[in-house]
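Please read the following report with the sequence and the model side by side, and look up each residue as it is named. The text begins with charged side chains and then turns to the strands and the core.

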Amino acid sequence: QVQLVESGGGLVQPGGSLRLSCAASGFTFSRYVMSWYRQAPGKERELVASIASAGGTTNYADSAKGRFTISRDNAKSTVYLQMNSLKPEDTAVYYCKAVLMVSAFKSSEYWGQGTQVTVSS
């Protein structure tokens, strides 16, 4: 059974930090590109950061650059998102996603259930 379980969310003051974790099971984690998305109330889900299967290549949304760091530990089947200098506009439900391109036109994708991050004083 495939599972992606996020943790580490919570309430933090502006300027604070949080570290999100996403523990994977039920599939070959090391083959998948892992990403963090977020969805704020009334807004569409948006990509925050992604990391290649081997961990060497990362990409960030402009809003995350310089403040967030994505990393992964393939031995633990876990992906992380370190979030620093948090702002109220970072408030959202954060989701992790696993993607594997099985062919040019087909992908295998899994989503976690999300973890709430609230940035407020």
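Arg67 is buried in this predicted model, with a relative accessible area of 11%, because the limit for a buried residue is under 20% relative accessible area. Its salt-bridge partner is Asp90, and the closest N and O atoms of the two lie 2.7 Å apart. This pair links distant parts of the chain, since Asp90 sits in the loop between E8 and E9 while Arg67 sits in the loop between strand E6 (58-60) and E7, 23 residues apart. Asp90 also counts as buried, at 1% relative accessibility. Salt bridges that share partners join Arg67 and Asp90 with Arg38 and Glu46 into one network.

Side chains of opposite charge can pair when their charged atoms come close.

| Salt bridge | N to O distance |
|---|---|
| Arg38 and Glu46 | 2.7 Å |
| Asp62 and Lys65 | 3.2 Å |
| Asp90 and Arg67 | 2.7 Å |

Within these pairs the exposure of the residues can be read one by one: Arg38 counts as buried at 6% relative accessibility, Glu46 is partly exposed with a relative accessible area of 36%, and Asp62 is exposed with a relative accessible area of 65%.

How many of the 10 residues of E9 are buried? Eight of them are, and E9 is therefore described as mostly covered, with buried meaning under 20% relative accessible area. This strand has several antiparallel partners, among them E4, to which it is joined by seven bridges, and Ser35 has Lys97 in E9 as its bridge partner. Three bridges join E9 to E11, again antiparallel, and here Tyr94 is paired with Thr115 in E11.

In soluble globular proteins, nonpolar side chains tend to be buried together. In this model the largest nonpolar core has 29 residues, and those with the most contacts inside it are Trp36, Val79, Leu81, Met83 and Tyr94. Several strands each supply at least two residues of this core, including E3 (18-25), E4 (33-39), E8 (78-83) and E9 (92-101). The largest share, five residues, comes from E9.

Terms used:
Residues numbered from 1 in each chain as written. Predicted model: local features only at pLDDT ≥ 70, side-chain atom pairs only at ≥ 80, totals over all residues. Heavy atoms only, no water. Core = buried A, V, L, I, M, F, W, Y, C linked by side-chain atoms within 4.5 Å. Buried < 20%, exposed > 50% of the residue type's maximum accessible area, 1.4 Å probe, protein only. Helix = DSSP H or I, 4+ residues; strand = E, 2+ residues; numbered from the N terminus. Salt bridge = Lys/Arg side-chain N within 4 Å of Asp/Glu carboxyl O. Pairing = 2+ DSSP bridges.
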